[in-house]
Amino acid sequence: MKAPGAWSKPTAPITSRNVYAAAHVVPQMNAENTPGSPAVLDWQATLSYRHELWSWGLGVADAMDTAQRGMGLDWSATQELISRSAAEAASVVHSAPAALRGKSVRDLISCGVGTDQLVLENLPTGDAGLQAVQAAYLEQLEVVEAAGAKTIIMCSRALASVARNAEDYLRIYTDLLKQSSQPVILHWLGTMFDPALAGYWGSADISVATSTFLELINSNPEKIDGVKVSLLDAEHEIQLRAALPAGVRLYTGDDFNYPELIRGDGQRHSDALLGIFAAIYPAASTALQAFDAGDTERGYQILASTQELGKHIFSAPTFYYKTGIAFLAWLNGHQSGFQLVGGLHSGRSLTHLATTFALADEAGLLRDPAEAARRMSALLTTGGI
């Protein structure tokens, strides 16, 4: 096995890219975190992991799909997660460590606003369904804004099920933007992450959906901090990035092609809001410091050295990528057991996890290789290998 990489924590804030690492949640190991059960979190481990990400100069994207929204994390636990994480971010801002000096709470924490408190089977159709979606979005918006976090407006399974056309999407999102007190991040999540979002923005044709998406953005640029696009299509992202109005960021959500997208093409680059950054954060932080220093090639090479790991963790079925994120957190001692809420740690095979282990070692991302090997051996023995 390899030694850990020569990663370094920043001594000043990262400035060349705006970055959020999408963090997972750690379950209480002796709780009934089984499919369909309410989530019971280990709050100390969950919040400690966020402090770990902040210590490397990264922002945290919380209460997102990485935290198992719609896949084990219920709305009650999500509300508590938002309030607790935002309070921790405020404490970090108050202490003003060198790596985050001058940063605001919104720089450190952004949280997802969705509609997952709704039961899809009970949704009415037509305008009544749209009103229910709007009310659910606004309820969650109020929670995030009250906590002081930046808002990420996530895609809604409920809206995908009741919207009749692109105009319905524009109507709901335009009202949400009007109600938002601060600029938000719009999140476009592809079907590889959530098959229930097929036809989002009113069309299964990506070019048509993109036109609707841009219509919304161009009509409300002052209310949009940026857009996070998770379609795993680098060429589409580059084209969209060039079409955005001035001042609206493109936060890549492409966990396959992030090295070249963050590096950019010499004229434009993508910022980042990535689940993979929660797994590779020491390397990601070191790469971003290189970008800050003007050493673009070194920054790119560091990110590229983690790319095979990212492609593997996010391989199909992509929505089980959370298993790989939690697995690496366990290998690196950030949680006492390899579990996820909702029993989702069963989402990947032992052979898949073994490859994750090998690729993480190759990338220098196991901070204590001997302990990681001990844990991996125990898991394989328990699994009959």
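Rings of Phe, Tyr and Trp pair if their centres lie within 6.5 Å, the ring of Trp being its six-membered one. In this predicted model, that rule brings Tyr-137, Tyr-169, Tyr-173, Trp-188, Tyr-200, Trp-201 and Phe-213 together in one aromatic cluster.

**View 1. An aromatic cluster that includes Trp-201 and Phe-213.** The cluster takes in Tyr-137, Tyr-169, Tyr-173 and Trp-188, together with Tyr-200, Trp-201 and Phe-213, and the count of aromatic pairs by the ring-centre rule comes to 19. Among these pairs is the one between Trp-201 and Phe-213, which is tilted, with 5.0 Å from centre to centre and 45 degrees between the planes. Trp-201 lies in the loop between β5 and α7 while Phe-213 belongs to helix α7, so the pair ties together parts that are 12 residues apart in sequence. Trp-201 counts as buried because its relative accessibility is 0%, and Phe-213, at 0% relative accessibility, likewise counts as buried.

**View 2. The tilted pair of Phe-327 and Trp-330.** The ring centres of Phe-327 and Trp-330 are 6.2 Å apart and their planes stand at 40 degrees, so the pair is tilted. Both residues belong to helix α13 (residues 321-331), where, being three residues apart, they are separated by about one helical turn. Phe-327 is buried, as is Trp-330.

**View 3. The closed barrel and the pairing of β1 with β2.** Eight strands form a closed barrel in the order β1-β2-β3-β4-β5-β6-β7-β8, and their pairing is parallel. From one strand to the next, the twist averages 30 degrees. Strands of a sheet pair through backbone hydrogen bonds, in either a parallel or an antiparallel sense. Strand β1 (residues 19-22) and strand β2 (residues 59-62) run parallel and are joined by three bridges, with Ala-21 standing opposite Val-60 in β2.

**View 4. Strand β6 between its partners β5 and β7.** Strand β6 (residues 224-230) is mostly covered, seven of its seven residues being buried. Strand β5 (residues 184-189) runs parallel to β6 and is joined to it by six bridges, and the bridge partner of Val-184 in β6 is Ile-224. Helix α8 lies across β5, β6 and β7, and runs at about 165 degrees to β7.

**View 5. Arginine side chains over aromatic rings, at Phe-291 and Tyr-300.** Arg-17 lies over the face of Phe-291, at 4.6 Å from the ring centre. In the case of Arg-263, the charged end sits over the ring of Tyr-300, and the distance to the centre of that ring is 3.8 Å.

View 6. Most residues other than glycine have a negative phi, and most peptide bonds are trans.

**View 7. A cis peptide bond from Ala-316 to Pro-317.** The peptide bond that leads from Ala-316 to Pro-317 is cis, and its omega is near -5 degrees. Pro-317 has its place in the loop between α12 (307-313) and α13.

**View 8. Ser-104 and its separation from Ser-270.** Ser-104 is placed in the loop between α2 (75-95) and α3 (105-108), and counts as partly exposed because its relative accessibility is 32%. Along the chain Ser-104 and Ser-270 are 166 residues apart, and their C-alpha atoms are separated by 21 Å.

Technical notes
Residues numbered from 1 in each chain as written. Predicted model: local features only at pLDDT ≥ 70, side-chain atom pairs only at ≥ 80, totals over all residues. Heavy atoms only, no water. Buried < 20%, exposed > 50% of the residue type's maximum accessible area, 1.4 Å probe, protein only. Helix = DSSP H or I, 4+ residues; strand = E, 2+ residues; numbered from the N terminus. Pairing = 2+ DSSP bridges. Phe/Tyr/Trp six-rings, centres within 6.5 Å; stacked < 30°, edge-to-face > 60°. Lys NZ or Arg CZ within 6 Å of the ring centre and 35° of its normal. Axes fitted to C-alpha atoms, helices over the stretch in contact; angles between N-to-C directions. Contact = heavy atoms within 4.5 Å.
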